[in-house]
Every structure is written in C-alpha cells, then in structure tokens.
There are 2 protein chains.
Amino acid sequence: MALIVQKYGGTSVGTPERIQAVAEKIIQYRDQGNRVVVVVSAMSGETDRLLSLATTLCERPMPRELDVLLATGEQTTIALLSMALQERGCAARSYTGAQVHILTDGAHNKARILDIDAHRVSSDLAAGRVVVVAGFQGVDENGNITTLGRGGSDTTAVALAAALKADECQIFTDVDGVYTTDPRVEPDARRLERITFEEMLEMASLGSKVLQIRAVEFAGKYNVPLRVLSSFEQGEGTLITYEDEGMEKALISGIAFNRDEAKLTVLGVPDQPGVAHRILGPIANANIEVDMIIQNIAPDGKTTDFTFTVHRNDYQRGMEILQQTAEQMGASQVSGDARIVKISLVGVGMRSHAGIASTMFETLAKESINIRMISTSEIKVSVVVDEKYLELGVRALHQAFQLDQAATA
Amino acid sequence: MALIVQKYGGTSVGTPERIQAVAEKIIQYRDQGNRVVVVVSAMSGETDRLLSLATTLCERPMPRELDVLLATGEQTTIALLSMALQERGCAARSYTGAQVHILTDGAHNKARILDIDAHRVSSDLAAGRVVVVAGFQGVDENGNITTLGRGGSDTTAVALAAALKADECQIFTDVDGVYTTDPRVEPDARRLERITFEEMLEMASLGSKVLQIRAVEFAGKYNVPLRVLSSFEQGEGTLITYEDEGMEKALISGIAFNRDEAKLTVLGVPDQPGVAHRILGPIANANIEVDMIIQNIAPDGKTTDFTFTVHRNDYQRGMEILQQTAEQMGASQVSGDARIVKISLVGVGMRSHAGIASTMFETLAKESINIRMISTSEIKVSVVVDEKYLELGVRALHQAFQLDQAATA
C-alpha cells in the first residue's frame, strides 16, 4: 500500500464544483489502495481578495497580520474539501499548518519550514482517513501563524512527503507535465516522462513556472519522487527523480527562457582587485537580485568591462545606482538594455557530451541571431539575445536538438 | 489605568470603513489611559457566505469541518482590525482562539469555554499593545478548532474579561443600550442606565435579544461588569451589574415579550403521580424545548388539565406527539393554539413589593385583554395572551408602571 502526498493548487479548487471533482480524484487514488495525504492552496482569487481587503486598510500591511489574514484562504479550502470527501463516504480530517506543527522560522510572508510533526497525520492515516492539510502556512516557535510566500503549498507538500517518507509527492496543476519548452512558443514541444531534480531546478529558475524552486530543492534534498500532473485531465504527467539507468538518454531535456531580464554594463573600469564587489555591493544593498555576471578585460589590458543582468522591474533603479558607482570608480561609460531575453538549454546529458554549446551557437548564427552574453554551468548553457528573437531562437533550438522526439537509449 | 475588554459584532466590522471606525474608537479608549483587549466577530454576511459554500458541497456538513471553516471569519477580522490599528500608529497584535488557548469542550458548533490562558494577552498589554482576539472560537484539548455557536463572541469577551480580571466588559452592538421594552412597539421606551444580571437574563431569555444569555450568565457568575453600547453613536449605554445601593429603585425594569410561543393543552387526564413526566417525556425525547408549564385539577377532582408552551416551530410536531400520549393516558381531549404571545414584567424590585401582579392583571383587564396563562418567578410575572393583543398590552403596561420615566430613589 503506497503512501501518496497530493497537492492541488488554487485553480484546481477554485469553485465548489472543482472541489467536488478533486474529491472524486482523491477517492480514485484511495480506492486503488493508496493512503492519501492532500495539501491544498486557497481557492483561486481568494488570496487576491484578502490582499485587497488588507490594502484598503493600510498601504503596507504588517507582515504578521498579513499572515493571519492569508492563512484563512487555505483553511477554508481544507474544510470544504474534507466535507466533500465525507459527503462521498470517504473519512477525512482537515488540519491547518499550526495543527500539524509545520514549524517554520519567524520570517513572516516568506517563512521556511524547519520541522514537521507527522505523528498526527500518521495516526489518521492508520485509522483509514484521508488527511487534508492547509498548504502555504505554518507556525513559528512562539505560535505565530506564518506563510511560506506565494506558491509555498508545493513546499508544504514536499516537506510532508519527506516527513512521512511518502512513496511519491504528486503536484496537480493546470498543465499536464513538464515540457521540453513552452508549447505556446513551440507547438511541437513534448511532455517529458522524466526529468532529474537538477534539470528541473534549472528549468524552474529559468522561467518554466510549473513548480516552486524551493519545493524542487526540498524534494531533491530528501529524495522525494515528485510528479507533476494535470488536475483536469488523465495522464502520467512528468516524474522528477534522480538520474537512473532507466532514464531517457537525452543530451538536452528542455529549453527554458526568461522574458524578464535586463542587462547593465559599465565600461572602462580601471582593473584592480575588488572591482566586482565595488560594483555589485551597492546593487545588493538595494535588494536587487543579480542573475548573470560577465567580466572581460578590455583591449587596452588596463581597464575592464563588467556586465550583469537583473529583473526588468529593477532596471531603472539599477541604472541609477550603477551610474553613481561608475563615477566614483572613474569608469568611462555606463550602458544598459531592458529589451533582452535569456534562452537556456538544460540537460544532464551535457555533462558527458561536448559540442552542445557549439551546436547552439551555430543554430542561432544560422538564424542571424546575435548573442549578447553567454553563461554556462555543468548542465546548462544560457545565452542573452534581443527580445525580438525569443520565439525564433527557441524554435530553432528545439528543432536542432530534436526535442520533439523522445530520445532513444 | 483600567483594563477594558471590548466586543464588536459583525455589523460593527462589516466593511473596511467600519473596521477603520472601530479602530478609531479603540484608540480613543486607549488614549484615555485604558488598556484594551478587543474581541471581534466575523464581518457581517461572512458566516452566511461560508455556510452557503459548505451547503453547496454537502447537506449536513460535518461539525468538526464546519468549525474549521467558520473560524476563518473571525480570523479575517482580527487581522484586518490589527492592521487598521497599526496603520494609525497603535501597536496591536491579533490572536485566534487557539492562539490564546481558549480551551473548550469538544462539542463542535456549540462548544463551551473551559479555560483561558490569559498569560499571552497580559504580556502584550504590559508591552503597551492593543490585543485583538477572535471571538466565537476556541480549541479543544486535542487541538481541534471549535466554535461556540452564533453570538458566541459575547461569551468570548466576557470569559476573557473574567480571566484578565478586567474592570469592564463592553459589548458594542447596533443598539445603544437595554430598553424598558422594544421601542418599535412602544415609542416611549427608555434606555436603562443600569440593570441587574438577573433582570438582564430574564429580559434576554424573554426575547430582548441584545446579548447572548450565556454571556450574561458568565458575567454574573464571575462578577464582570458588562456594558452594552452602540458602535455607531456616542453614549453611556446600559451597565449590567449586581444590585447595589446606587441603583435605580424601580419596581419594574422592563417589559419583555416573545412572539414565538405556542400553547398545547391536554384536558381530563386521570390525576395520578407521574402525569407531568408521562406527558412531557415524549416531548423532551423529540428535542422540543418547553417553556411555561401549568397544571390544574379539574372541577371533578379526579382528572387534571395540563398546559405547556413551546416554540411556534415545534407546534405541529408537539401536537402530534401529545395526541398519541393523550390516547395512551385516556385523556379526554387535546387542544392547542399557535397564535399566542408571552408578555413579561421583569424587575428585582418585585421581590420586596407586593401588588405588581395585581396591577398587571388590572391593567390588562381594563384593555379587555384576556389572560390565557400566568407564570411567576421571583423577579418576573409572565402572562400569555392572544397574539393580536401584544402591542396594546405592552404599551398599556409600559404606561401603567411609568417606565418612560426614570425612577426616583
């Protein structure tokens, strides 16, 4: 008898009718002989409704009280789903984050899970009940309600699966799995049967927003097999595990991209130790996150050019800060571009195969796409190109690496 | 520095604007040098919204899950009110029933408070914070969320006031106090400055629905001075305390009435021990609550007539049961009337003054109002009359006992 933790997001439980459909799906899994723990989000729209109530009252709601408010969203869903299960003759019991002691740190609105007391859940499972747990929320050591930040329900599900040593953690969403790339950009994009944790992390952080990064990290750390499935359609979805012998032997698993990038460059900085720190320190102090960083020595050998990318929303502020820094450092010029995108090839197969990067550059060159920046890691090659080339670039690469066809081992 | 517990009901916090008005009112009290604990209900309409969500999913929601659902209503209000206070520079902190350990029994939907751990509230007060507590809800010894039933927020407020040994518990409602009778029936009805717990209990149970009976009992038991005030207007409201020297020396404090009564009579029952039990036992087994009970010996001395009143909703069912019982007992006849009302004079002054009842009967006789039943207690005289005489009777009595004028000591 397998133990499964399932997570249903806000869209999946967005109306009473959908809650009923979810209840029926859960009962199917239970009737197949599984013990089932369910983690749910707030009904879609509910979090926004609560937030707008809060902002009517104050511009910046106190984080502690915002958590008290937002936590009601999932609490409503767990009660309703438990009722729907019981109405169908399926014994069920709901728990808030606090009730199952999802202990977090005290960082309101973005808390991290420290520990889960799975005792109560286990004894309900042993009694034959389906256990319904509120996602996204926990409690700190002083009993204050905390939330994990948007999308934190995925993390709750994985953490519960780890604590319960579940056989699988299933994340039900509005897509039926992880694709080789976004099907809205490349209609030939193909659903992957399997993908590794590392690849999934690169895919997620690069803009394929199927799963919360933290949830994937957590699943990888505790080796919880994670499956992404559709709430609305039947199907096997995509299983995220560690690499194993039975896995597809693809060089590249997928193509991720990110439209929200902006590029900032400072030219002609006198080259001396500590340049990177002097440039990026003020950026970090302004709470701007930096993604790619590239530094070149200029042709004269005495100065250096320094380029980095940030989220597009931070572009203006980043430029202002960089201009000040450049003046202080005696740099010759500052430039920037907010109309760039990042395209990345991701695949564990890269580790053992050379030539991936050169095929990528060749493919883009054939389409006359100018590469503005390049960054590589062990299982990823990223390029920055002009915004207008995004679709063209993704499609060309998808074809070049034959991602529309399943790899033969 | 006084310690006040204030309770604001659903109408008082029904919109963000009203929550802001409540926040300003609280700050006024605090600025007058009081320490303030606030108990709030769900925003008006919210409980009904949640209930209708539940009944979409199942006819009879499981009581445990219903409590999980309904408890979100007050949780939303405490967060919003705390935000509104903080936005105005007033340090505040919210707590759910579980967080301040409002320990109840496990009777979901109608739990009773067993204990409150006031420690946390006290330390917040000492730190200069306003403490905002969710009314209506608690937690049982197993950590399950419970609710006290509709109107239970009053009880939460009184229980907190008792646990904190507060100087006063203030219940803010949509009326500005307790009146000598319903002003919609008698325009000359007058707000009472003071009333005793016992009188208030009789007034409340007889249909003046200003306060929850349980809250008044609780306040009386723990001697918590209770004040009923308007959320929307300035004023002193009505203070409910034990009788003391300074109190108005009125014979009668008020006139309560109840429109929801129905009368059932069984005639010619052979008079023998256990008659009352044989008649009322089946009624009680059907969960029908009985209010007044009267038994007379019939003129023949061998049979007895037995009359009792029930809620009008229970009239049909009560008649059916009584008919069966009457047959089994060999009674001669069963009759009933669902169009009766009860009018009651209430006042601790009655204890030491004879003649109240006879003035009452004389007043009604002058208006040709036929009295169908009479029942008396130490501080109350109740009569049952035909429904059509309600307004006439109440007004005549209000005038006869000069309730429009404050009593002179």
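With 13 C-beta neighbours inside 10 Å, Q402(A) counts as partly exposed, on a scale in which a residue is buried if 20 or more other C-beta atoms lie within 10 Å of its own, exposed if 12 or fewer, and partly exposed in between, the C-beta atoms being placed from the backbone. The structure is a predicted model, in which local features need pLDDT of at least 70 and side-chain atom pairs count only at pLDDT 80 or more, whereas totals for chains, interfaces and linings use all residues. Residues are numbered from 1 along each chain as its sequence is written, and chains are lettered from A, and ligands numbered from 1, in the order in which they are written.

Q402(A) belongs to the segment after α11 (390-400) of chain A, where helices (H or I, at least four residues) and strands (E, at least two) are DSSP runs numbered from the N terminus. Although Q402(A) is not a glycine, its phi is positive, at about 50°. Most residues other than glycine have a negative phi. A positive phi, near 55°, is also found at N223(A), again a residue other than glycine, and N223(A) is placed in the loop between α7 (213-221) and β11 (226-230) of chain A. N223(A) counts as exposed because it has 10 C-beta neighbours inside 10 Å.

The domain assignment divides chain A into domain 1 (3-174) and domain 2 (255-400), with bounds that come from an automatic or database domain assignment. The C-alpha centres of these two domains of chain A are 39 Å apart. L50(A) and M329(A), 279 residues apart in sequence, are 47 Å apart in space from C-alpha to C-alpha, whereas G349(A) and S253(A), which are 96 residues apart in sequence, have C-alpha atoms 8.2 Å apart. G349(A) is located in the loop between β16 (333-346) and α10 (356-366) of chain A and, with 19 C-beta neighbours inside 10 Å, counts as partly exposed.

Helix α3 (residues 63-87) of chain A comprises 25 residues and spans 37 Å from its first C-alpha to its last, which is close to the 36 Å expected at 1.5 Å a residue, the expected span being 1.5 Å times one less than the number of residues. This helix, α3(A), is mostly covered, as 23 of its 25 residues are buried, and just after α3(A) the residue G89(A) adopts a positive phi of about 80°. L50(A), in helix α2 (residues 46-57) of chain A, is buried, with 20 other C-beta atoms within 10 Å. Residues up to four places away in sequence being left aside, L50(A) touches L69(A), L70(A), T72(A) and G73(A), where two residues are in contact if their C-beta atoms, placed from the backbone, lie within 7 Å.

The contact between the chains takes 28 residues from chain B and 28 residues from chain A. On the side of chain B that touches chain A, α1 (16-31), α2 (46-57) and α3 (63-87) of chain B each supply at least two residues, and α3(B) gives the most, with 14 residues. The residues of this side of chain B divide into 16 nonpolar, ten polar and two charged, where Ala, Val, Leu, Ile, Met, Phe, Trp, Tyr, Cys and Pro count as nonpolar, Asp, Glu, Lys and Arg as charged, and the others, Gly among them, as polar.

Not counting residues up to four places away in sequence, L81(B) touches V13(B), I19(B), V22(B), A23(B), V38(B), V40(B) and V132(B). In helix α8 (residues 275-285) of chain B, I279(B) counts as buried, with 24 C-beta neighbours inside 10 Å, and with the same exclusion I279(B) touches V266(B), F306(B) and T325(B).
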